[in-house]
Amino acid sequence: SDPKTWDALKVTFQYAAVSLPIFLLLPFALALLLNSKSLRGARYFQALFFMPFVIPFVAPLFAWAGMLNPQTGWINGLLEAVGIGGLNWLDDPNWIYPSLVMIGLWGIGSAIIINLAGLQNVPTELYDAARVDGAGWWGQLRNVTLPLMSPVIFYSITLGVIGVMQYFLVPLVLNSGDGRPGGTTFFMNVHIYKTFFTFQDMSAGATLSWFLFV
């Protein structure tokens, strides 16, 4: 019955609707590209995509905050060079979720490797049979790749949902967990953290944690 709880859930689901499709489709598409036989140096690209994932995320967050700064950030500098006015990435409710998604793409290397491992476990003879039957690239993807990748896709969806429901570090570091701008970053885990450690309401915080778990 707490309005703040429902607001936090609403914010969490809104961000999930924006971010989950991107965080699921983009790693899969990049894994398809890295699995292509015509791509040279695929192993080097795999390492480059995975390297950001092993870096502690707090340091890149401060780097991203600097890059997205509306006055001094180089992202706005590039946009102004092509005639697009500077955007207030982290303080505009219309741009905060694209900003968070952009920051989140820094760590998709793990999802790429998971999808790539699934793709490399698909038997090649099935693709040969599909080509004999006249299937092109799209036909092979729809009739061979996607059905055999369904366990990996389900696993990725599960991890994605868990990641969104546990979303905490980025809004805490960037906005101190105060929900700026306009309450759009007041995620469920931020609400639980505030309840526990700011308001010292341990019983309510424990109840919210069980609610999130369920």
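Modeller: D178 is partly exposed, with a relative accessible area of 41%, where buried means under 20%, exposed over 50% and partly exposed in between, for a 1.4 Å probe and protein chains only. The model is predicted, so local features need pLDDT of at least 70 and side-chain atom pairs pLDDT 80 or more, while totals for chains, interfaces and linings use all residues. Residues are numbered from 1 along each chain as its sequence is written, and side-chain values use heavy atoms, without hydrogens and water.

Colleague: Which residue meets D178 in a salt bridge?

Modeller: A salt bridge is a side-chain nitrogen of Lys or Arg within 4 Å of a carboxyl oxygen of Asp or Glu. For D178 the N to O distance is 2.7 Å. The partner is R180.

Colleague: How many residues apart are D128 and R131?

Modeller: D128 and R131 form a salt bridge, with their closest N and O atoms 2.4 Å apart. Both lie in helix 7, a helix being a DSSP run (H or I) of at least four residues, numbered from the N terminus. Their separation is about one turn of the helix, namely three residues.

Definitions and conventions:
Helix = DSSP H or I, 4+ residues; strand = E, 2+ residues; numbered from the N terminus.
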